[in-house]
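Please read them with the structure open.

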Amino acid sequence: MKKKALIISFSVISAIILSAAIGTYLLLFSKPFNINNPTFIYIDEDDSSDSVFVKIERNLNPKSMSGMKFLAKIKGYGEDIHTGAYRISPQSSVLEAFKKIESGRQTPVKLIIPSVRTMDKLASRVARQIMADSASISALLNDSSYIATLGYDKATIPALFIPNTYEVYWNMTAESFIKRMVKENKNFWSTERMAKAEALNMTTTEVCTLASIVDEETANNAEKPLVAGLYINRLKRGMLLQADPTVKFSLQDFGLRRILFKHLETDSPYNTYKYAGLPPGPIRIASVAGINSVLNYSKHNYIYMCAKEDFSGTHNFASTLSEHNINARKYQQALNRRNIK
């Protein structure tokens with residue numbers, strides 16, 4: 001009887017252990033997430049284990065959180081939470097997802113640097129893509145002492161940024177973001193590009209400044225080398241650039257559709273109708289196409305241009321003032337017909 005009882009007890013215990021093992025296996029290796037596509041969980045500096053669980057429930061829609069909470073308890077999750085972006089696939093098990101988050105094995109994300117007109121706009125756009133907030137990014141970009149250590153001032157700092165898509169870790173700080181941009185700027189300005197800038201007798205910042213004007217003049221990439229060549233012709237001849245976009249920048253009125261004589265009187269170092277040479281810095285973050293158009297400008301004799309009267313966004317070019325006046329008259333008449341003031 002004792003032997004039989006022992007066998008029964010052993011069987012019961014074995015069944016309990018097996019049941020627990022199966023339960024644990026199902027708890028940890030099940031695939032509970034109700035998502036159709038890979039989904040990111042973003043863990044911020046002020047997150048706690050509870051807030052992380054809320055994000056998991058909200059974004060991954062798991063059938064149960066029991067496995068996650070079980071692992072969190074035995075691993076002491078909450079004492080050392082790693083910030084970052086974690087990509088969870090629909091086929092991830094509880095254990096796989098937890099190990100990724102708990103160990104800080106984050107997934108790189110895409111950071112798009114846009115060609116925008118102001119540093120505040122840049123800070124806002126970047127802050128939507130990384131952990132650093134727009135206030136901390138703006139604070140650095142407006143800190144004269146800090147940007148001076150990078151070789152820029154408030155007028156020239158837009159030249160630091162090269163519009164492109166970069167692979168970064170989401171939890172970068174404002175300072176690490178700027179450091180990354182410094183690295184990318186150095187990578188962009190290759191020996192070949194530097195040689196072309198030197199041939200123009202321009203610094204990289206001056207190239208970006210002229211490129212920013214070209215970008216504002218035309219969105220047509222094929223036309224940009226022509227526009228760049230025109231302004232380079234003017235610079236070589238000591239002529240005023242007389243670039244309408246610099247007037248808009250002076251006024252901070254980017255929606256201005258018609259430049260009037262009163263606008264040309266704006267007293268600003270950015271107004272190239274009043275002040276010779278390039279403005280103090282870029283009037284926007286210059287595009288790669290804009291920069292390349294300056295470095296590889298078209299050689300021609302044009303010194304005048306006017307928007308085409310068909311409002312195609314392209315221009316009529318001229319080598320003489322009389323030709324330019326004809327083009328300008330066509331455009332003014334087109335503006336009048338459309339009642340654009």
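How many aromatic pairs does the structure hold?

1. Aromatic pairs. The structure holds nine of them; rings of Phe, Tyr and Trp (its six-membered ring) pair if their centres lie within 6.5 Å, and planes under 30 degrees apart count as stacked, over 60 as edge-to-face and the rest as tilted. One of the pairs joins Phe249 and Tyr270: the ring centres are 4.6 Å apart and the planes stand at 50°, so this pair is tilted. Phe249 belongs to helix α12 and Tyr270 to the loop between α13 and α14 (288-295), so the pair ties together parts that are 21 residues apart in sequence. Both Phe249 and Tyr270 are buried, a term that means under 20% relative accessible area, with exposed over 50% and partly exposed in between (1.4 Å probe, protein chains only). Ring pairs also link Phe40, Tyr42 and Trp170 into a cluster.

2. Basis of the model. This is a predicted model, in which local features need pLDDT of at least 70 and side-chain atom pairs count only at pLDDT 80 or more, while totals for chains, interfaces and linings use all residues. Residues are numbered from 1 along each chain as its sequence is written, and side-chain values use heavy atoms, with hydrogens and water left out. Helices (H or I, at least four residues) and strands (E, at least two) are DSSP runs, numbered from the N terminus.

3. Strands β1 and β2. Two of the residues in the ring cluster, Phe40 and Tyr42, make up the uncovered face of strand β1 (residues 39-43), and the covered face consists of Thr39, Ile41 and Ile43. Strand β1 pairs with strand β2 (residues 84-88) in the antiparallel sense over five bridges; two strands pair if DSSP finds at least two bridges between them. Tyr42 has Ala85 of β2 as its bridge partner.

4. The largest pocket. Its volume is about 1,300 Å³. On a 1 Å grid over the protein atoms alone, a pocket is an open set of points with protein on both sides within 12 Å along at least five of seven lines, a cavity is a set where a 1.4 Å probe fits but cannot get out, and lining residues have an atom within 4 Å of a point. Grid points are joined across faces, edges and corners, and a volume is the space filled by probe spheres set on the points. Of the 44 lining residues, Asp244, Ile259, Cys306, Ala307 and Tyr331 are the closest to the centre of this pocket. Elements that each supply at least two lining residues are α10 (204-217), α11 (224-237), α12 (244-251), α13 (261-264), β5 (304-307) and α15 (321-337). Helix α15 gives the most, with seven residues. By class, the lining has 25 nonpolar, nine polar and 10 charged residues; Ala, Val, Leu, Ile, Met, Phe, Trp, Tyr, Cys and Pro count as nonpolar, Asp, Glu, Lys and Arg as charged, and the others, Gly among them, as polar.

5. The second largest pocket. About 250 Å³ of space lies here. Its lining has 14 residues, and Arg117, Thr118, Met119, Lys154 and Pro158 lie nearest the centre. Eight of the lining residues are nonpolar, three polar and three charged.

6. The cavity. The count is one cavity of 30 Å³ or more. Val52, Phe53, Ile56, Met68, Tyr77, Phe98 and Ile101 line the largest cavity. The elements that give two or more residues to this lining are α2 (49-60) and α4 (94-103), and α2 gives the most, with three. The lining divides into seven nonpolar residues, no polar and no charged.

7. Helix α4. The buried residues in α4 are Val94, Ala97, Phe98, Lys100 and Ile101. Seen down the axis of α4, they fall within an arc of 160°, so they line one face of the helix; the arc is that of the directions from the helix axis to the C-beta atoms. Gly104, which follows α4, has a positive phi near 80°.

8. Backbone points to check. Most residues other than glycine have a negative phi. Gln242, in the loop between α11 and α12, has a positive phi near 50°. Phe311, in the loop between β5 and β6 (315-318), has a positive phi of about 55°. Gln242 counts as partly exposed at 33% relative accessibility, and Phe311 counts as partly exposed at 26%.
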